[in-house]
Amino acid sequence: MPGIVLIGAQWGDEGKGKATDLIGTKVDYVARFNGGNNAGHTVVVGDESYALHLLPSGIISPNATPVIGNGVVVDPEVLLEEIDGLESRGIDCSRLLVSESAHVIAPYHRMIDKVTERFAGKKKIGTTGRGIGPAYADKINRVGIRISDLFHEDVLRDKVSNALHQKNQMLVKLYNRRAFDVEATVQEMLAVGERLKPYVANTSLILNNALDDGKTVLFEGGQATMLDIDHGTYPFVTSSNPTAGGACTGTGVGPTKINRVIGVSKAYVTRVGEGPFPTELFDESGEWLRAQGHEYGVTTGRPRRCGWFDAVVNRYATQVNGLTDIVLTKLDVLTGLKEIPICVAYDVNGVRYDDMPTDQTAFAAAKPIYEMMPGWTEDISQVHAFEDLPQTCQDYVKKLEELSGCRISAIGTGPQRDHIIEVHSLLD
Ligand code: GDP
Ligand code: IMO
Ligand code: MG
């Protein structure tokens, strides 16, 4: 089972960190392929909890080589801080490999992210403010800085100067900010580049050679399907492709080498930032889910918007990612509810939609059509076999599986490594 892609099936924070860690201990490489430090992936091992932003969750597994692929946007300062933080906790980061073709989040990208969001007022996206959008915009505009540019002073100066030529005008004249000094920016970037140098490699070649040798590579997505720049709730999305296809473009590995695509879904739904969310709850049920599920952002600390499971979203995720398996997380959070609503379809101005309306005007008007399922009260955190779950809990999972059009292969029953029910192996 050499190439496995793992992605978020909803709006992020589904528990991709935990799901990656579940498999990460048994694979040779864990490669991040998209996004940057807008991600916050939690891995809990015993009493230790790790919040990973740029580093692949495989960094926690001593036998896996963590890789940051070319599709990731790298803020070098954040990466170095994250490495230092983990090393001080006894996690060896020396195995890390960073693609020389990955784009760099420069100090001016962070600034532009913040000022444009402020300028947008009510029309803001609610970004994480980490400079993700502006860095990807420069990549697409062909004025970006790649990791390999950090090792060629003259080239870097030329590129930074070119990038700032227009941006400084915008910062000063439109946003009333100070201009960035080209030389100071270059020196700052050269200094972090020097520290990153030992990790930098031709990661596409390394991953392809590994796959050809029969090694297993897990491609770990940041963000999620509904935040995808092409397939998500545009414009309330991130600026990369967190869907499965992004694993190929974001690492330089062809689709013929991918054998399995795992979607991670919560047993309910959360979203941070702005944008439509049909099953969002504005009453005490939403607050209950937030409290039970500790739904606060790992990256920004923002309270997450909470809602019931949306099967239209999951069916769509199965379709656009070609899912072979679902890891269903946080089932334990629903314990104690008398009844659990599941959104099976949408009502858009009187018309029933069983499939995702890709016209965003229709999606923004979508009202959930619910089916009710009976809940359960038993603590399920120590259950390790599907058959040992309360019958109503089994029925809830089976219903989600049927509505999602993809088998559920693992079920999360708590944040710890062993809070898991493995229904089908994710590796064979
Ligand atoms: P990611 O961005 O997809 O990796 O998810 P986050 O780490 O942002 O958020 C998921 C949160 O849920 C983290 O705090 C995890 O420790 C926690 N978590 C993951 N799986 C489970 C589960 O099955 N049950 C419970 N109660 N918590 C879980
Ligand atoms: P993980 O990997 C949840 C959201 C932001 C905002 C939108 C655009 O932990 O699931 P950006 O800073 O990317 O330009 O913000 O995307 N967002 C996430 N929401 N989980 C994430 O990552 C996210 N990364 C970005 O809140 O709505
Ligand atoms: Mg997260």
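On its own, ligand 1 exposes 580 Å², and the protein buries 91% of that, with accessible areas computed by the Shrake-Rupley method with a 1.4 Å probe and, for residues, only the protein chains shown counted as cover. The model is predicted, so local features need pLDDT of at least 70 and side-chain atom pairs count only at pLDDT 80 or more, while totals for chains, interfaces and linings use all residues. Residues are numbered from 1 along each chain as its sequence is written, chains are lettered from A and ligands numbered from 1 in the order in which they are written, and side-chain values use heavy atoms, with hydrogens and water left out.

**Ligand 1**

- The shell around ligand 1 holds 20 residues, of which Lys16, Gly17, Gly40, Thr42 and Asp332 are the closest; a residue is near a molecule or strand if one of its heavy atoms lies within 4 Å of it.
- Helix H1 (16-24) and strand S3 (41-45) each contribute at least two residues to this shell, where helices (H or I, at least four residues) and strands (E, at least two) are DSSP runs numbered from the N terminus.
- Oxygen atoms of ligand 1 also face the protein backbone, at 3.1 Å from a backbone N or O atom of Glu14 and at 2.9 Å from a polar backbone atom of Lys330.
- By class, the shell around ligand 1 comprises four nonpolar, nine polar and seven charged residues; Ala, Val, Leu, Ile, Met, Phe, Trp, Tyr, Cys and Pro count as nonpolar, Asp, Glu, Lys and Arg as charged, and the others, Gly among them, as polar.

**Ligand 2**

- An oxygen atom of ligand 2 is 2.9 Å from a polar backbone atom of Asp13, with a corresponding separation of 2.9 Å for Gly40 and of 2.8 Å for Gln223.
- Of the 550 Å² of accessible area that ligand 2 has on its own, the protein covers 98%.

- Helix H6 (residues 182-196) has 15 residues and spans 21 Å from its first C-alpha to its last, close to the 21 Å expected at 1.5 Å a residue, the expected span being 1.5 Å times one less than the number of residues.
- The buried residues of H6 are Thr185, Val186, Met189, Leu190, Val192, Gly193 and Leu196, where buried means under 20% relative accessible area, exposed over 50%, and partly exposed in between (1.4 Å probe, protein chains only).
- Helix H12 (residues 391-404) has 14 residues and reaches 20 Å, close to the 20 Å expected, and Gly405, which follows H12, has a positive phi near 70°.
- The buried residues of H12 pack against elements including helix H10 (311-321), strand S16 (339-348) and strand S18 (367-374), contact meaning heavy atoms within 4.5 Å.

**Asp138**

- Asp138, which is found in helix H4 (residues 132-141), is buried, with a relative accessible area of 5%.
- The side chains of Asp138 and Lys167 are joined by a polar contact of 2.9 Å, and, residues up to four places away in sequence not being counted, Asp138 touches Tyr108, His109, Val143, Gly144 and Lys167.

Key:
Polar contact = N/O pair within 3.5 Å; in protein donor to acceptor, adjacent residues only side chain to side chain.
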